[in-house]
Amino acid sequence: MGKITFPKDFIWGAATASYQIEGAVNQDGRGESIWDRFSHTPGKVLNGDTGDVACDHYNRYKEDVQLMKELGLKGYRFSVAWPRIYPQGKGQVNQKGLDFYNSLVDELLKAGIEPIVTLYHWDLPQALQDIGGWDNRDVTDYFADYAFKMYDVLGDRVKKWITHNEPWVVAFVGNAFGEHAPGYKDFALAVRITHHLLLSHAKAVQAYRQSGNDDGGQIGITLNLTPVYPDSDSPEDSEAVQFQDGFQNRWFLDPVFKGAYPEDILEFYQEKYNAPVIRPGDMELIADNHIDFLGINYYTRAVVKKGRESGFDSVEHVHPEGKYTEMGWEVYPEGLYDLLMRIHRDYNAPNIYITENGAAFKDDKVVDGIVDDQDRLEYLKSHFEAAYRAIQDGVNLKGYYVWSFMDNFEWAYGYSKRFGIVYVDYETLKRTPKKSALWYRDVIADNGF
Ligand SMILES: N=[N+]=NCCCCNC(=O)[C@@H]1[C@H]2[C@H](O)[C@@H](O)[C@H](O)[C@@H](CO)[C@@H]12
């Protein structure tokens, strides 16, 4: 592909999340989150790593914003730690928590960087988990109250909001697979939670429309979407694709864009799990609170075939020959093009932002002050090219936030996986831009490559 130039005003950014970078978990009145509890539970996180210190961004945010400015970022996606605002999840507000995010937003605006703020990136106040967490329908109201408070405090300067980050991961990885906080292995619980996450999303959108701060503001949701391909053209493998696509993608896309769950998956869940619990008015609330943009987190594709056991959900993942990242995820930029075209075709999505795309590679070694992460540079270049092709074919893609601005706490993998375009030495907390960051700086300056 020759030189490509992205549309004018395309937002080139980078993304992070509160629990993964902030540290300072006991500073300035922050309450405990489910990830504090989970990471301090022996055996849950590799090497016993926790987010206690992480990148200490809470105390180093001015330095970090200065580095973002030097890289020329147009946008920065971060999340607010609910437990910094409401240490108990509801009730008493923690002013020092609000002060931090106010200062961070002011630093970003001074640096000419547009903030896009995620309200929930997995760090639920533990006090709410103690009353059932997302399985407790009341938490959907506490989330809307927390959202309303953030719109009130930051809404004059923050004009792009994301309600949830990856509700599929929150529900299934945290409550069916047991790999993330709070660590349950109960599929019916996970299905019930998906409904409460979507309900809380709708209530937070409704709160935004009522906040009086939505003038020129946009609100959306970020979904981790995975295009699914069959291992063969057999009818069995097509059925496996249909289930996997419904389980991972359509279960969230359909309610958000069409106001109803996909029939095939809903029927299957009600039959097998007697879930979700949907009350009269729920689907109307979800249907009536439209989003202004869809955030897409894209990492890789899925290739599936019918599994050995019977049933609609009998799916076996296949791992084709090819290049894989340190997470075991296939490098497949074509999947980003196919995904964007599918969302455009099947959901007629309004504006779309890639709210996360990036990779963990072993190529992070500091040699003579340089981190030569050529693998990551090539990963990003190939995915930028796929995004460009989708824009050329009509997709309303308005921005791209690389995951991640800097190496950080990679959930159950702790600090063993590095996704940053900026290297973090966890002994000294020194930040060093990697080769990919210096290349990205030029891409942003030229609005292409
Ligand atoms: N079973 N299983 N699956 C595990 C999770 C699958 C998908 N993981 C993601 O999308 C997470 C997303 C997250 O927003 C960010 O906080 C994470 O740091 C990145 C990198 O991991 C990605």
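In these legends, two residues are in contact when they have heavy atoms within 4.5 Å of each other. The model is a predicted one: local features need pLDDT of at least 70, side-chain atom pairs count only at pLDDT 80 or more, and totals for chains, interfaces and linings use all residues. Residues are numbered from 1 along each chain as its sequence is written, and side-chain values use heavy atoms, with hydrogens and water left out.

**View 1**
Let's start with Asn297, which sits in strand β7; strands here are DSSP runs of E with at least two residues, helices are runs of H or I with at least four, and both are numbered from the N terminus. Asn297 is buried, as its relative accessible area is 1% (buried means under 20%, exposed over 50%, partly exposed in between, using a 1.4 Å probe and protein chains only). Beyond residues up to four places away in sequence, Asn297 touches Arg77, Asn165, Glu166, Thr222, Leu223, Asn224, Leu225, Thr355 and Glu356.

**View 1. Glu166 and Glu356, the annotated pair.**
UniProt, in an unreviewed entry, gives the annotation "active site" to Glu166 and Glu356. They span 191 residues in sequence, yet no two of their C-alpha atoms are more than 10.5 Å apart, so they gather at one spot. Both Glu166 and Glu356 belong to the lining of the largest pocket. UniProt positions follow the numbering used here, feature names are shortened, and annotations may be inferred rather than shown by experiment. Glu166 lies in the loop between β4 (160-165) and α8 and is buried at 7% relative accessible area. Glu356 is in strand β10 (residues 351-357) and is buried at 4%. The side chain of Glu356 makes a polar contact of 2.9 Å with the side chain of Arg77.

**View 2. Tyr299 beside Glu356.**
Here you can find Tyr299 in the loop between β7 (293-297) and β8 (302-306). Tyr299 counts as buried, with 12% relative accessibility. The side chains of Tyr299 and Glu356 are joined by a polar contact of 2.6 Å. Among the other residues that Tyr299 touches are Trp329, Tyr379, Trp403 and Phe419.

An unreviewed UniProt entry places a "binding site" at Gln20, His121, Asn165, Tyr299, Trp403, Glu410 and Trp411. The lining of the largest pocket takes in these residues: Gln20, His121, Asn165, Tyr299, Trp403, Glu410 and Trp411. His121 is in the loop between β3 (114-120) and α6 (126-129) and is buried at 2% relative accessibility. Its contacts include Gln20, Asn165, Glu356, Trp403 and Trp411.

**View 3. The largest pocket.**
This pocket holds about 990 Å³ of space. On a 1 Å grid over the protein atoms alone, a pocket is an open set of points with protein on both sides within 12 Å along at least five of seven lines, and lining residues have an atom within 4 Å of a point. Grid points are joined across faces, edges and corners, and a volume is the space filled by probe spheres set on the points. There are 40 lining residues, with Trp168, Val169, Gln248, Thr300 and Trp329 lying nearest the centre. α8 (167-175), α10 (235-258), β8 and β9 (315-318) each supply at least two lining residues.

**View 4. The second largest pocket.**
About 170 Å³ of space lies in this pocket. Its lining consists of Phe177, Phe187, Phe243, Gln244, Phe247, Tyr273, Asp313, Val315 and His317. Helix α10 gives the most to this lining, with 3 residues.

Methods. 1 Å grid on protein atoms, 1.4 Å probe; cavity = no way out; pocket = protein on both sides within 12 Å on 5 of 7 lines; lining within 4 Å. Polar contact = N/O pair within 3.5 Å; in protein donor to acceptor, adjacent residues only side chain to side chain.
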